[in-house]
Amino acid sequence: MITVFSARKVITMDGNRPAATHVAARDGIVIAVGGADCAVPWGEFKIDDRYADKVIFPGLVEAHAHVMAGGVWRFEYLGHYPRSDPDGRTQPGAATCGEIVEQLKKRASGTKPGEFVVGWGYDAAFVDGARIDRNLLDTVSADHPVAVMHSNFHVLTASSKALDICGIDSMRGMEGVCIGPDGTPTGELLELDAMAPVMDRCGLSLQEMTDERALRGYGKLARTCGVTTIADLFSNLDDEEVGMLHRVTSESEFPVRYAPVMSAMGVDPAEAANRAGEIRARSTPKLHLGSAKLFTDGAIQGGTAMLKPPGYLARPGNGIWNMDMDKFRDAISTLHSNGIKVHVHANGDEASEQTIRAFEAAILRSPNPDLRHTIEHAQLAGIDQFKRMRALGLTVNLFANHLHYFGDVHLDRSLGADRACRMNACADAWDVFGGDFAIHSDAPVTPLAPLKTAWCAVNRLSMGGRRLGDSQSIAVRQALHCITLGAAHVLKLDDRVGSIQCGKYADFCILDEDPLETPPMDLADIPVAGTVLGGVPTQ
């Protein structure tokens, strides 16, 4: 049966028919867009007026977030600003180190002795009091190991009991294991290799953070903010997980299309390429498989991203590589030559540089058009690097949310005004890529909310109300493109999602207001009234 949805306005993001009042769907796809009679040539239809006073917009596409955003709420939220969990409950977080300790003590009181007490979302730059270390976490409980994952998910702080259980003392001398003046570990662990022993023991392992509970919570979060297609940028995707993904995403009630990206870290590149190709064949309309993820550096605000000179403004060191660069180049070459699309985490400009060079060498050896390899974050990439990416057929997914949530840190501590005011250079990216790029939240690092991400790209305001330059701001319509068609392009799904047009999935985001008529400062505050997936309103 054909259903024709009526609306106050239909914004299609399709240049051939930018606006309408009705959209017709059959068998999960759009068959016509126009007025009330748009479906007449197609046969019998019914009118659905439930959105008659709303704005129908393409389903939003989040091309870089993590399924742990749905699962990490099983632990104690310690961020410095309130956030909503998958069930819509507001979690207040903590503003001081004292509040952090008290929240963890409360969590410990309900936890069996010997089990880990875990918090997440802490950021030393925004919390009053001395930076947390193992000595402070030791005051939480004598009976529990304690671990706190920082908001960037590239730094973790552990108590003495946690360090002992996980054998961290034996890892002295490893890059990322911070040592204090007394010659012992401070409890702060930087990047994957140093954090892994604690993450694997405390419930923050990749396997546990990508389980069914996390996936269902992720779907809830996505639906709440108008997302109908969402990526997970780091999953194991072993047979057990893929089987679970098939089962859950095939449920009619599961509200999103899901695009998990397989980790290619720490495995033989040829095996990773074979695995990615194998699971690609198991894709469905609601489960998109077959791409791979590599990491280069860490996080700018954590001081672990790799920067070109002059390096960090007021931090020691110049970042940490998460992969040996020779192994990284070999992995890029092998994955590319086997036709596997690769997403590469590269925050700093030096990380972007090494990534571009690796792809350039791989592409010269083995031309393979439009794999659409993507440099993720690329926060300090310059227009010169964007031009080289475009020439190679690469694209980029910029971390626009950083401008708001960490902008004050970048201005004052990590980068200084010169670089902070051009970071996440959306205007340059638009000039070079012509809209074929995305912006993202990296949830749970920052909240999942694409309209907020668009707001960040348009307004470039920090949490402290400071503007990170005007030259890299983009217009509202451009920002909306980046969270619909641009993000779909990055995921190689732009033939199926990202706009409302004949032949694409009938996936819609229902808004209370027209984002093109809303003042730019109010863009993030537009209420999401619901979503439609494959022509069916979600619950």
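K492 counts as partly exposed, at 28% relative accessibility. Its phi is near 60 degrees, a positive value in a residue other than glycine. The model is predicted. The briefing covers overall build, cores, a helix pair, backbone exceptions and the surroundings of one cysteine.

**Overall build**

- The protein chain holds 19 helices and 24 strands.
- Its radius of gyration is 23 Å, close to the 24 Å from the globule rule for 539 residues, so the chain is as compact as a globular protein of that length.
- Along the principal axes, the C-alpha atoms fill a box of roughly 80 × 55 × 45 Å.
- Of the 539 residues, 63% count as buried.
- Take the contacts between residues at least 6 apart in sequence: 73% of them join residues at least 24 apart.

**Nonpolar cores**

- The largest nonpolar core has 123 residues.
- Within this core, L156, V198, L294 and F386 touch the most other members.
- Beyond its neighbours within four places in sequence, V198 is in contact with F116, A147, L156, A158, C166, I168 and L189.
- Another core lies apart from the largest one and has 16 residues, including I100, V127, I132 and V140.

**Helix pair α7 and α8**

- Two packed helices are described by the angle between their axes and the distance between the axes.
- Helix α7 spans residues 212-224, and helix α8 spans residues 239-249.
- The axes of α7 and α8 come within 11 Å and cross at roughly 40 degrees.
- The crossing of α7 and α8 is right-handed.
- On the α7 side, the contact is made by E212, L215 and R216.
- On the α8 side, M244, L245, R247 and V248 make the contact.
- By class, the α7–α8 contact has four nonpolar, no polar and three charged residues.

**Backbone exceptions**

- Most residues other than glycine have a negative phi, and most peptide bonds are trans.
- P309 and P310 are joined by a cis peptide bond, with omega about 15 degrees.
- P310 sits in the loop between β17 (292-295) and α10 (325-337).
- P444 belongs to the loop between β21 (438-439) and α17 (450-459).
- H377 has a phi near 80 degrees, a positive value in a residue other than glycine.
- H377 is part of strand β19, residues 374-377.
- The relative accessible area of H377 is 1%, so H377 is buried.
- K492, with its phi near 60 degrees, is found in the loop between α19 (485-490) and β22 (508-511).

**Surroundings of C178**

- C178 is found in strand β13, residues 177-179.
- Beyond its neighbours within four places in sequence, C178 is in contact with T184, P185, T186, E188 and L190.
- C178 and L380 are 202 residues apart in sequence.
- In space, C178 and L380 are 26 Å apart, C-alpha to C-alpha.

Methods:
Residues are numbered from 1 along each chain as its sequence is written. This is a predicted model: local features need pLDDT of at least 70, side-chain atom pairs count only at pLDDT 80 or more; totals for chains, interfaces and linings use all residues. Side-chain values use heavy atoms; hydrogens and water are left out. A nonpolar core is a set of buried Ala, Val, Leu, Ile, Met, Phe, Trp, Tyr and Cys residues joined through side-chain atoms within 4.5 Å. Buried means under 20% relative accessible area, exposed over 50%, partly exposed in between (1.4 Å probe, protein chains only). Contact means heavy atoms within 4.5 Å. Axes are lines fitted to C-alpha atoms, for helices over the stretch in contact, and angles run from 0 to 180 degrees between N-to-C directions. Helices (H or I, at least four residues) and strands (E, at least two) are DSSP runs, numbered from the N terminus. A crossing is left-handed if the near helix is turned anticlockwise from the far one by less than a right angle, and right-handed if clockwise. Ala, Val, Leu, Ile, Met, Phe, Trp, Tyr, Cys and Pro count as nonpolar, Asp, Glu, Lys and Arg as charged, and the others, Gly among them, as polar. The radius of gyration is taken over C-alpha atoms; the globule rule is 2.2 Å times the number of residues to the power 0.38.
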